[in-house]
Structure formats: C-alpha cells, structure tokens
Amino acid sequence: MTGSLFKGNFWSPDILSTVGYDSIIQHLNNGRKNCKEFEDFLKERASIEEKYGKDLLNLSRKKPCGQSEINTLKRALEVFKQQVDNVAQCHIQLAQTLREEARKMEEFREKQKLQRKKTETIMDAAHKQKSSQFKKAMDAKKNYEQKCRDKDEAEQAVHRSANVANQRQQEKLFVKLATSKTAVEDSDKAYMLHINMLEKVREDWQSEHIKACEVFEAQECERINFFRNALWLHVNQLSQQCVTNDERPSCMRISTLLSGMLPHQERLQDPIQQGEDLSQFPSVYQMILITLWLKITVCCISDIRGEKKAFLSYCFDDERP
C-alpha cells in the first residue's frame, strides 16, 4: 500500500535533488490548470446558453407567428409560442446554474491554493536550509582537507631539514607543524559539526517532505472527487435540459392534435359568418312548389286557356316519368 502513496515515492539519492518534490508540484499545478479550464468551459457554455435563451425569448415575444389565425389553430399557435418562451427561460436558467457551478469550482481552486501555499512555504524553507547547510559542510570539508595538506607539507619539511637546517630553522618548522596539527584538529571538529548539523537538517527536511506528500495527496484526492462530481452534475444538468426541451414539443403536439380540421370547420363561421344560416333556405320540394305557383299565376293573368291547360297537364300529369 505504501508504494501507491506519494510519500512512498518521489525520492532521490541526491541530497540536493528536489526532482520528486518538483514532480508532485508539477502534477498539482496541472490539476489546478485542468480545474481552471473546466471553470472557463462552464462560463463559456453559460454565455452561449444565455445568448441562445435571450435570442429565443426575443423571437417568441417579438416575432409574429400566425397572428391572424383563428379558433383552435390559433390556440395551438399560442401554446407553441408559450412553449418556445418556456424553452428560452430554461436555457437562461441553465446559464445561471452553470455560472454557479463555475463559481464553486473557482472557490475550490482558491481554497486549495491557500492550503498548498502554507505547505510550499515550509518546504521551500526546508530546501533552502538543506542547501545552505550542505554548502557549509562542503566548505568545512574543503577547509579540513586543506589543513591536512598543510600538516603533511609541514611534516615533510621537518623531515627534509633534519640534517641540513640549523637549530633555529628546525624550531620554526616544528612550530609550524604543531600549528598545522592544531588547525587540522580544529577543522576536523568544525567539519564534523557541520556534518552533524547537515544530518539533522536532512532529517527535518525528510519529515517535512513526508508531511507535504500526505497533504498534497489528500488535496489531489479531494480535487479528483470534486472535479468528478462537478462533471457528473454538469452532465445531469444537460440531461435534464434535454428532457425539459423534449417535454415542450410534446405539449405543442397535443395542442396541435386538438386543432384538427373538423373542429376548425365547425367553428369557422362563428367569427366570420355572413348571410343566413343554411338551414333557413327552402328545400328542393318547396322550391318546385313555389315555381309552379308562380307559373299558374302567370297563366291565369294572361288568360291563355290552351296554354294553361297544357301547362297544368304537363305539371300534374301522374303518368309523367
């Protein structure tokens, strides 16, 4: 299990190397960048949804659509425009919801940024202290090595002058040798002191590095979960929008079905009828009787008996087909 954790990885054998820590920071920066990109995507999508909703709203409220239509078809068009208006309102509401989700993502990014800043400040100080102490230890090492070389040269000078130098020169060489030995001992103590301090600094850095790994790992898990939930919520919102948009045409279809041709014809004469009702017109039989009466009257007035008899015979002959 430890191998899968941050603190079980991201180490380097080089005491001055920060490649593991830098890899974690780079990964966290990429995660923060991904959250920012998703946040910008939500804001851009919100702008598109809002613009589309407002354009659709202006279309449904300002653009005439069958305004001279009557009866059931008129009501169907009214339902149609109302549902278009509702769809526009849904898109505007979706834009507001997306902006709210983008705001939550921004707040989450800023919260993690502040949390990371504390840990990064501690780690930066630990890295600087480790680097500074390492430099001091290396300087102490160089000084110790130089003092050792000085002591070796002083010993060689004493050996070379054992037979040729006078007493005074030998005393000077012995003093120089003693001084170099003292310097070696002092530099050795300083070197060991710096080495011990470097070890303590390294242990402190290692402890802080483990703590930082735990904090960063917890942040990354939190970020992944938050990002996943935000994406899941966004998809659900889009799905709900699709369902809502599909319900609106269903209402339009129902109102359109209720505005069939027969009800439209039955109600057509109500607002635009002219003249009398068709039921008030005489039947065909009544029209024939009226015509015959008029013809008989004309025959009587003209007193043309032959024509009158012929006409009556023609009209009332039972044997006529």
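Is Gln156 buried, partly exposed or exposed? With a relative accessible area of 46%, Gln156 comes out as partly exposed (buried means under 20% relative accessible area, exposed over 50%, partly exposed in between, using a 1.4 Å probe and protein chains only). The structure is a predicted model, in which local features need pLDDT of at least 70, side-chain atom pairs count only at pLDDT 80 or more, and totals for chains, interfaces and linings use all residues. Residues are numbered from 1 along each chain as its sequence is written, and side-chain values use heavy atoms, with hydrogens and water left out.

As for the overall build, the protein chain has seven helices and zero strands, giving the pattern α-α-α-α-α-α-α along the sequence. Helices (H or I, at least four residues) and strands (E, at least two) are DSSP runs, numbered from the N terminus. Of the 321 residues, 27% count as buried. The chain exposes about 22,300 Å², with carbon and sulfur atoms supplying 56% of that area (Shrake-Rupley method with a 1.4 Å probe; for residues, only the protein chains shown count as cover). Among contacts with a separation of 6 or more, 84% come from residues 24 or more positions apart, a contact being heavy atoms within 4.5 Å.

How far can the model be trusted? The average pLDDT of the protein chain is 78, and 72% of the residues score at least 70; pLDDT is the predictor's confidence in each residue, from 0 to 100. Confidence is highest in helix α1 (residues 19–62), at a mean of 91, and lowest in helix α4 (residues 261–266), at 48. Over residues 303–308 the pLDDT is below 50, and this stretch has three contacts in the model beyond near neighbours in sequence. Where pLDDT is low, the predicted coordinates should not be read in detail.

Gln156 sits in helix α2 (residues 71–160), and its C-alpha atom is separated by 9.5 Å from that of Leu177, 21 residues apart along the chain. Gln237 belongs to helix α3 (residues 167–257) and counts as buried because its relative accessibility is 13%. Leaving aside neighbours within four places in sequence, Gln237 touches Leu94, Thr97, Leu98 and Glu101.

On a 1 Å grid over the protein atoms alone, a cavity is a set of points where a 1.4 Å probe fits but cannot get out, and lining residues have an atom within 4 Å of a point. Grid points are joined across faces, edges and corners, and a volume is the space filled by probe spheres set on the points.

The largest cavity holds about 90 Å³ of space. Helices α1, α2 and α3 each supply at least two residues of its lining, and α2 gives the most, with five. The lining includes Cys35, Phe108 and Arg223, and divides into three nonpolar, three polar and six charged residues (Ala, Val, Leu, Ile, Met, Phe, Trp, Tyr, Cys and Pro count as nonpolar, Asp, Glu, Lys and Arg as charged, and the others, Gly among them, as polar).

The second largest cavity holds about 60 Å³. Among its lining residues are Trp11, Tyr21, Trp205 and His209. Here α1 gives the most, with three residues, and the lining splits into five nonpolar, five polar and no charged residues.

Key:
1 Å grid on protein atoms, 1.4 Å probe; cavity = no way out; pocket = protein on both sides within 12 Å on 5 of 7 lines; lining within 4 Å.
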